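Here's a quick briefing to go with the chain you're about to see. Have a look first, then read on.

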Amino acid sequence: SARSARSARSARSARSVLASWPLRTRPRNLRCNCRSQGSGSQARGEELRWLDLPEDARSTSLPGVDVLPLLLVDEVHFPGSEVVLRIARPEHCKIYEDLLLAGGRRVVVALFDRRKVRVAAFGTVLFLEDLREISAATDGTAKYVAEHSALGRVRLLQLYPVVSERKGGGKAHSGVPVAWKAEVEFLEELATPMRLMSVLGSQLKELTDLQVRCLAAGGEEEWAAIAAKDIKRLLEEAPPPSELLALQGLWRARSGMRIRIDGNEVKGLGKLSVSDGKLVMRLKDVTGVRKIQEFRARIPALNGSDEEQVLEWDDGDLWTRVAQLPPLPLDGFGPLAGLWRVARRWRDLGVRRTELQRSVLQWRSAEDLARRLQDAEEGAEAQWEAAAQENELRTAETLWEEVLLPCQRLLQAPTCAERAEAFRDVLAMQATRLRLQLEVLESSNSGRLSDG
């Protein structure tokens with residue numbers, strides 16, 4: 001049991017080091033080391049491409065190539081989405097401070113594979129909208145919260161570490177720098193005259209029908225079917241009126257709270273509409289008890305001046321625009337942007353599903369520990385720690401294989417048509433899983449009937 005406890009502690013220590021930053025790697029030339037991975041379903045003949053992290057590299061300063069700060073993240077961010085990051089490391093804080101001093105607003109994020117110490121070769125460029133200091137509110141665990149809009153896709157051509165002047169050279173315990181810059185190529189997004197429902201409609205209908213049959217057989221509602229219903233609603237939703245299009249983006253309420261308008265939705269609060277020349281906000285009632293509240297505001301005139309844009313509501317609240325609309329390279333509500341919105345919804349539900357899976361596994365482990373302690377089993381705590389570690393690894397693997405890698409394939413797909421086909425493949429894979437689940441349920445039900 002002592003050996004088990006030591007093993008569990010060693011595993012936790014190794015996992016914490018791995019989570020803080022990647023293991024040391026040998027210097028490599030990234031241009032000659034752009035590798036592919038063919039794990040799981042692939043995006044129509046295009047395998048995922050990765051770049052190894054170098055310890056040192058020099059900028060080549062090629063014409064037409066931009067050099068931007070790079071953040072390695074554990075998520076795939078799609079164009080058009082809101083991205084909120086908590087900035088804690090001094091090196092990352094300096095990135096944002098230098099960015100503002102230079103008058104810049106753009107930073108790149110890319111998916112980081114911690115296990116193999118590599119970075120996805122396709123990332124997302126973010127436009128910084130707001131940077132707030134939160135040191136007091138977080139007891140110093142984080143210094144800033146940065147809010148961005150995701151502008152578009154980039155291809156990472158070359159990475160090189162940023163040398164820090166502070167003690168330690170800006171390196172983590174493993175000796176690998178934690179601050180990076182990247183030479184990137186901006187990828188043009190060409191709008192395609194296509195109806196997404198014609199591409200995705202059959203798969204969405206199959207998922208919905210399979211879910212109805214699973215529920216009738218005694219199964220539970222699957223996240224893929226929930227996503228299918230939401231995706232169908234998003235695809236059929238009409239774009240917001242022109243009055244709302246001018247109000248998209250980040251606002252600050254009188255209380256200081258940040259508020260984001262996305263389409264006809266005020267994120268986390270309710271829906272927006274236009275009635276009798278005024279803006280109407282209907283608050284959500286998450287309890288189902290209160291009467292839905294409505295507030296109205298005059299729609300501000302857009303005269304192209306630098307005058308501060310405000311929304312004055314009839315309850316006395318005042319919203320002030322934090323940042324002007326970012327320079328989005330695509331129509332925020334056309335077919336291309338519609339596919340990105342659909343993909344974001346699918347990703348968000350997939351992340352929630354894995355979080356729920358983690359909670360269920362933790363609860364089962366806690367119940368098992370309580371039983372073992374009640375029976376006074378030797379080494380119960382060490383076994384529980386080992387099981388908890390295994391559950392974390394299983395959840396992380398599910399998130400990686402079923403959510404993050406499919407999302408990265410969508411980000412890498414070169415055209416809207418290929419992206420739609422890749423997303424249809426993702427939905428088809430989920431339909432296959434539902435069919436297998438249905439077969440198990442029906443077989444179990446028929447077995448019980450025969451026993452009766």
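Helices (H or I, at least four residues) and strands (E, at least two) are DSSP runs here, numbered from the N terminus. This is a predicted model, where local features need pLDDT of at least 70, side-chain atom pairs count only at pLDDT 80 or more, and totals for chains, interfaces and linings use all residues. Residues are numbered from 1 along each chain as its sequence is written, and side-chain values use heavy atoms, with hydrogens and water left out.

**The whole protein**
- You've got 8 helices and 17 strands in the protein.
- Of its 452 residues, 44% count as buried, where buried means under 20% relative accessible area, exposed means over 50%, and partly exposed is in between (1.4 Å probe, protein chains only).
- Take the contacts with a separation of 6 or more: 70% of them are between residues 24 or more positions apart, contact being heavy atoms within 4.5 Å.

**The open sheet**
- An open sheet is built from 8 strands with antiparallel pairing, running β15-β14-β13-β12-β11-β10-β17-β16; two strands pair if DSSP finds at least two bridges between them.
- The edges belong to β15 (294-298) and β16 (310-312), each with a single partner strand, so one side of each has no neighbour in the sheet.
- Inside that order, β10 (residues 249-252) pairs with β11 (residues 258-262) in the antiparallel sense over 4 bridges.
- Across this pairing, L250 sits opposite R260 in β11.

**R254, in the loop**
- Look for R254 in the loop between β10 and β11.
- R254 is exposed, at a relative accessible area of 56%.
- Beyond its neighbours within four places in sequence, R254 is in contact with G316, D317 and L318.
- Its side chain comes to 2.8 Å from the backbone oxygen of G316, a polar contact (a pair of N or O atoms within 3.5 Å; within protein, one must be able to donate a hydrogen and the other to accept it, and residues adjacent in sequence count only if both atoms are side-chain atoms).
- R254 and W319 are 65 residues apart along the chain, yet 6.2 Å separates their C-alpha atoms.

**R358, in a helix**
- R358 is part of helix α6 (residues 335-374).
- The side chains of R358 and E355 are joined by a polar contact of 2.8 Å.
- Neighbours within four places in sequence aside, R358 is in contact with E392 and T395.
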